[in-house]
Structure formats: structure tokens, C-alpha cells
2 protein chains.
Amino acid sequence: MIPFTKLEATPLSDRISTLLKDAIIEGQFKAGEEIVLTAIAERYGVSRTPVREAFQSLAKDGFLTLRMNKSAIVVGIDEHFLRNHYEIRSVLEAQAAYNAAANGKDFSRLQRIQDDAEKMRLPMSLDEFRSYNMKFHRCIWDLSGNERLQQLLSDMWVSSYSSSALPEIHRQTRTFNSHRRLINDIINHDCDAAFEHMKRHIIGSLNNILKILDEGKKEA
Amino acid sequence: MIPFTKLEATPLSDRISTLLKDAIIEGQFKAGEEIVLTAIAERYGVSRTPVREAFQSLAKDGFLTLRMNKSAIVVGIDEHFLRNHYEIRSVLEAQAAYNAAANGKDFSRLQRIQDDAEKMRLPMSLDEFRSYNMKFHRCIWDLSGNERLQQLLSDMWVSSYSSSALPEIHRQTRTFNSHRRLINDIINHDCDAAFEHMKRHIIGSLNNILKILDEGKKEA
DNA sequence: TTATTGTTTATTGTATACAAAATACAATGA
DNA sequence: TCATTGTATTTTGTATACAATAAACAATAA
């Protein structure tokens, strides 16, 4: 077969849910604000059906609250939300790392992702760093061998949370160090260490986000 | 106000998704079977719209695989699936127990649920035991103070997994012992013990289910 | 006035209609 | 025969139409 990558059409509902999710994360809606299905459909120039599906997806992911026969409510991305979100993510990522250390056989891809990143000059651009970070975590999800865990973590991944935090060079080197330690744990099949280090790694990024958030509040 | 409990209408999509979920768990569909939206809509005598929403919900919960412009595929509830499912559930329940031990203040409800159950004559009926077990776990989710965690665990709860396992009296007393130990951990604010014990508790029930499943296979 | 009921309007829940994609299969030509 | 192409059928994706609920407000009666 000819090496053409299949250009796949994504359903409208998916595109809309990512757009809305980003909008919510970036604070384009106030916390607790009522958000009317019909209005969103009009804004994006589509029918209510795919918007409705997007709403339900966002509700399942915890970004919207749906009420029978009433407008949806935007969940506020405040400290409480972020703590809850990262608490869950930390323990799921930790389990993924545990599994990778326990079951993983071929770690070459994980190594290469790290090596390629370390060859670059710091600080990397925001997009570069996000791409690397995403690849690193996704690779561990793969190694976990738990497809459902992969799906859950993928749904929880919100790259823009950390947007303001990453361009600083010392943050990037800290992430490198943390990732290198994780790779070591995994390659050495030290499951418990991988679990603990990953948990701390994620909680660390939460704390960083909260710090940024706090500084932002003081400025305002 | 008069003590009437609000009788609430649930959306069709919710009712259909629970029906379908149960059907999948109970093996009414073969693993990997294609399941046609239109057919399900006809079978339940509703339009495709709510069925479609149910499909998307089930897909998010990992019981269906959706493919663009193609029929959905039923995920097989085999050993691999159960291991993945319980691995995730165990670590989330464990985190909930950890939080309950860390943050919880008023444990009277948890105590009362356990006390009421222990007053009953064993073996309890299947429904009684399920109700007690559900209340116990839900109470800990509440105490965790993480609403999102609560939502996730609620979506993962499938009572009928354990249907065949519970009527035996020695299983019920084992569960009692395990729950009592958990209550102790939580009341003593021993977070790490609560985490570990809950994790083992859930993995224990997985192993029990796998055992039952294995015996069923030998018979057939 | 004040509480209750009727009416209107906005918004959601569900059903149907239409468009696009995938599949099966017949027709065609080598 | 075999591969390819056109066509019909099935099934999904999206839009629209209709029904039901909820909120706002006007009207009525005490």
C-alpha cells in the first residue's frame, strides 16, 4: 500500500467539546455561569445535536454540570477543582508508571523521547515542550498495558493548564530531572519507586500551577 | 414543606445506557460483536437520538468502542478487561479512603452503616448486601471531599459483577472484617493504612470474581 | 396587597428528515 | 476468471421539527 496517512474526519461533537473545554479552562466563562445550548449552537453555526453531545462529554469529564430541562452550568476552574483534578491524575499516572515498571519490556521509545528532547537547546518553545511532555507521558500510558487507564488519562490531559509555567528554563530542567529519574525507576522495574516518584511529579506540577495562579491573583 | 420526595424523570439516554451496560456486563452481547444503533433504538421503541447519547456515554466508560460512520463494538468483559477495570478502581477507591482518613471529621454515618449491617442475620440477601456495600463505599467517597473522584467511581460501579460471589456467608463475614478494618484506619486518620487496605480490599474482590469466572469456565 | 392560577416565552428532550459515508453486490471489461 | 467500477442498500452524522418542561409575568380572587 502507498504510504498515505488516512485523513480522518472528526465528528463535530468532538471538535466542539475541545473548543468548549479550552474556553472553560482559559476562563472565558465565569464559574457557575449558565451556558445555553442553543446559544452555543448558533455561535458555532451548527445544529444543537452535536453541541448537546459535546455538553454530555464535558459533563462526564467534570467541566460542566447538566441539569434536566435546564441550562448547563460551567464548573469553575478554581483551586478546589485543580486539587481534585490533580489528585486523581496523580494517582492514575502513578499507577501507569507502576505498571510500566512491572510489565514493560521495550523501553527504547521512552529513552529516545527523552534523549531527543535533551539534545535541544533550552529553553524550548512552549509548543516544543508541550509536545515532548505529552509524548513522554503517553509513552508511559502505553507501557502500562491498561487501555482504559490510557483513555481516562487522555481525557484528563489539559495542556493549557501548565501554559504559563513552562517557558522558564529552570522549570524545564527540573522536569527533565524528574523524567530521567522516572525512566530509571521504570527500566529497573522498581514499581514502587516509579509510583511514588510519578505521584510526586504530578503533585509538583499542581503546586506550580497553584503558585502561578496565586501570583496572578496578587497582581490583579 | 410537606415531606414529598421529588419524583424525578430521568432522560431516556440514561435509562438506556444503564440497560445496555447491564446487558453487556451480563454477557448478552458477544465480545467484539457489532451493535447497531438503529436496531437498539427499535428494540427499545425510542428514537436514535437518546440511544446515540447512551452509546457515547458507554464509550466514555469503556464498555463500547465507537467508530466513525460504523457500528459500535462491544468490549468483551473478559479477564483482561476486569483486571484493567479493577486496577483503576482500586487505586481510586484507595485515594478516596486516604482522603477520608486525612480530611474526614464526622464518621458517625460510616459507623452507623456498618453497625446496622452487622445487626442483621447472615447471610443477607443479595439485594441487602449490595445495598449495604454500596452505601459503605459511597460514604467513603463522600468523606473524600473530591466530587470528581466520586463521579468517576460512581460511573465505574457495576454491582452485578459481584452478583454470583456474595451470597456465601463466609464471603460476607470476610467483607465485614475488611470494612471494619478500613473504618478503623479512617477514624484513626491513618491515611497510608487506609490507602493500602482499600487497595487490597478491591483487588481481593477482583480475585474473587476471577475465581468465580474460572470455575464457570471449567463447568462449561 | 398577596397568594394563587393562567398564559406566554425560552429552553431542553425526543423524534424525524435529510445528507454523507461505508458496505455489498452486480455489471463490465480485460 | 478476476479485478475494477458503478449502483443500491444500510448505517451513521447532522439538521430540523415537534413535544414537554421551566421560568417569567400577567391576571384574578381573597
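**Labels and their grounds**

Mentor: Over all chains, the structure holds 16 salt bridges. The model is a predicted one.

Trainee: What makes R89(A) and E93(A) a salt bridge?
Mentor: The closest N and O atoms of R89(A) and E93(A) are 2.5 Å apart. The rule asks for a side-chain nitrogen of Lys or Arg within 4 Å of a carboxyl oxygen of Asp or Glu, so the pair qualifies. In general, side chains of opposite charge can pair when their charged atoms come close.

Trainee: Where do R89(A) and E93(A) stand in helix α4 of chain A?
Mentor: They are four residues apart in that helix, which covers residues 79-103, and so about one helical turn separates them.

Trainee: How many helices and strands does chain A have?
Mentor: Chain A has nine helices and three strands. Along the sequence they follow the pattern α-β-α-α-β-β-α-α-α-α-α-α. Taken along the principal axes, the C-alpha atoms of chain A fill a box of roughly 55 × 55 × 35 Å.

Trainee: What is the relation between chain B and chain A?
Mentor: A rotation of 180°, with 0.0 Å of shift along its axis, superposes chain B on chain A at an RMSD of 0.0 Å. That is why the relation is called a two-fold axis.

Trainee: How do you know through which surface the copies meet?
Mentor: Of the interface residues of chain B, 100% are also interface residues in chain A, so the copies meet through the same surface. Chain B gives 30 residues to the contact and chain A gives 30 residues.

Trainee: How much area do chain B and chain A bury between them?
Mentor: About 2700 Å², with 49% of it on carbon and sulfur atoms.

Trainee: How many salt bridges does the rule find across the interface of chain B and chain A?
Mentor: It finds six. One of the salt bridges joins the side chains of D61(A) and K60(B), with N to O at 2.6 Å.

Trainee: Which elements of chain B give two or more residues to the side that touches chain A?
Mentor: They are α3, α4 (79-103), α7 (147-156) and α9 (191-219) of chain B. The most comes from α4(B), with eight residues. By type, the residues on this side of chain B divide into ten nonpolar, eleven polar and nine charged.

Trainee: What surrounds DNA strand D?
Mentor: 17 residues do, and the closest are L12(A), S47(A), K70(A), R48(B) and R52(B). Sugar and phosphate make up 70% of the atoms of DNA strand D that come within 4 Å of the protein.

Trainee: Why is the approach of L12(A) to DNA strand D called a polar contact?
Mentor: A polar backbone atom of L12(A) is 2.8 Å from a phosphate oxygen of DNA strand D. A polar contact needs a pair of N or O atoms within 3.5 Å, so this one meets the rule. L37(B) also passes, because one of its backbone N or O atoms lies 3.0 Å from a phosphate oxygen of DNA strand D.

Trainee: Which part of DNA strand D does the side chain of T49(A) approach?
Mentor: An N or O atom of that side chain is 2.9 Å from a base nitrogen.

Trainee: Which element gives the most to the surface near DNA strand D?
Mentor: α3(A) does, with three residues. The residues of this surface divide into six nonpolar, six polar and five charged.

Trainee: How many residues surround DNA strand C?
Mentor: 17 residues, the closest being T38(A), R52(A), L12(B), S47(B) and T49(B). Sugar and phosphate account for 71% of the atoms of DNA strand C within 4 Å of the protein.

Definitions and conventions: Residues are numbered from 1 along each chain as its sequence is written. Chains are lettered from A and ligands numbered from 1 in the order in which they are written. This is a predicted model: local features need pLDDT of at least 70, side-chain atom pairs count only at pLDDT 80 or more; totals for chains, interfaces and linings use all residues. Side-chain values use heavy atoms; hydrogens and water are left out. A residue is near a molecule or strand if one of its heavy atoms lies within 4 Å of it. A polar contact is a pair of N or O atoms within 3.5 Å; within protein, one must be able to donate a hydrogen and the other to accept it, and residues adjacent in sequence count only if both atoms are side-chain atoms. Ala, Val, Leu, Ile, Met, Phe, Trp, Tyr, Cys and Pro count as nonpolar, Asp, Glu, Lys and Arg as charged, and the others, Gly among them, as polar. Copies are superposed by least squares on the C-alpha atoms of residues with pLDDT of at least 70 in both. Contact means heavy atoms within 4.5 Å. Buried area is the accessible area (1.4 Å probe) that two parts lose on being put together, summed over both.
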